[in-house]
Amino acid sequence: MRVNAVLWWILAAFFVVVDVAYLVWNLVSYGAVEWSGTVALSLAAIASIFLAFYLTRAHSAEHGELPEDRIDGEIDEGDPEMGFYSPWSWWPIMLGFSAALLMLGLAVGFWICFIGAALLLVSVVGWVFEYYRGYFAR
C-alpha cells in the first residue's frame with residue numbers, strides 16, 4: 001500500500017505540473033485561459049491527491065506492511081478469501097443484460113427503462129435467492 005500511495009503522490013504532482021504548463025501555454029499562445037482543459041487537469045490532480053492521502057492514511061493506520069510491500073513477501077500471503085461465487089450461475093449474465101437494457105432505456109427511449117428495471121429486479125432476487133430453491137437449495 002505504501003508503494004501505491006507514493007505512485008499516487010507522483011501522479012498528483014505530474015497533474016499539477018501539466019496543469020500549470022497547460023495554463024501557461026494557453027496564456028502565451030492565445031492570450032486567454034482555456035477553461036475546460038485547465039479545470040479537467042485540476043480535477044485530475046485533486047482526485048489523485050485524495051487517493052494518495054487516503055492510501056497514506058490507510059497505510060499508517062494498519063501499522064504493518066502488506067505482503068506486496070515486502071521484498072520477502074510470498075504470493076500466498078496476499079491471497080485472501082474473496083467470497084464464494086457459483087461458477088454455473090446464469091444470474092450475473094442476466095443482471096448485466098438487464099442493467100444494460102436499463103441504461104439503453106435512458107439513452108434511447110424511457111419506456112425501455114421499465115422493462116430493464118423489471119428484469120433487473122428479477123435478476124437481483126434470483127441471484128440472491130439462488131441457493132434457497134431448486135437443485136442447490138440448502
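The chain carries 5 positive and 13 negative side chains, and 9 Å separates the centres of the two sets. The model described here is predicted.

In secondary structure, the chain has four helices and zero strands. Along the sequence, these elements follow the pattern α-α-α-α.

The overall dimensions of the chain are summarised below.

| Property of the chain | Value |
|---|---|
| Radius of gyration | 24 Å |
| Box filled by the C-alpha atoms, along the principal axes | roughly 70 × 55 × 20 Å |
| Accessible surface | about 10,500 Å² |

For comparison, a compact globule of 138 residues would have a radius of gyration near 14 Å. Of the accessible surface, 74% belongs to carbon and sulfur atoms. Buried residues, meaning those under 20% relative accessible area, make up 23% of the 138 residues. Where contacts join residues at least 6 apart in sequence, 58% of them link residues at least 24 apart.

Helix α1 may now be considered in detail. Helix α1 covers residues 2–30, a total of 29 residues. From the first C-alpha of α1 to the last, the helix reaches 42 Å, close to the 42 Å expected at 1.5 Å a residue. The buried residues of α1 are Ala 5, Ala 12, Phe 15, Asp 19 and Asn 26. These buried residues pack against α2, which spans residues 35–62. Just after α1 comes Gly 31, with a positive phi of about 80°.

Methods
Residues numbered from 1 in each chain as written. Heavy atoms only, no water. Helix = DSSP H or I, 4+ residues; strand = E, 2+ residues; numbered from the N terminus. Rg over C-alpha atoms; globule rule 2.2 N^0.38 Å. Buried < 20%, exposed > 50% of the residue type's maximum accessible area, 1.4 Å probe, protein only. Contact = heavy atoms within 4.5 Å. Areas by Shrake-Rupley, 256 points an atom, 1.4 Å probe, with all protein chains shown as cover. Lys, Arg positive; Asp, Glu negative; His and termini not counted. Charge placed at Lys NZ, Arg CZ, Asp CG, Glu CD. Expected span 1.5 Å × (residues − 1).
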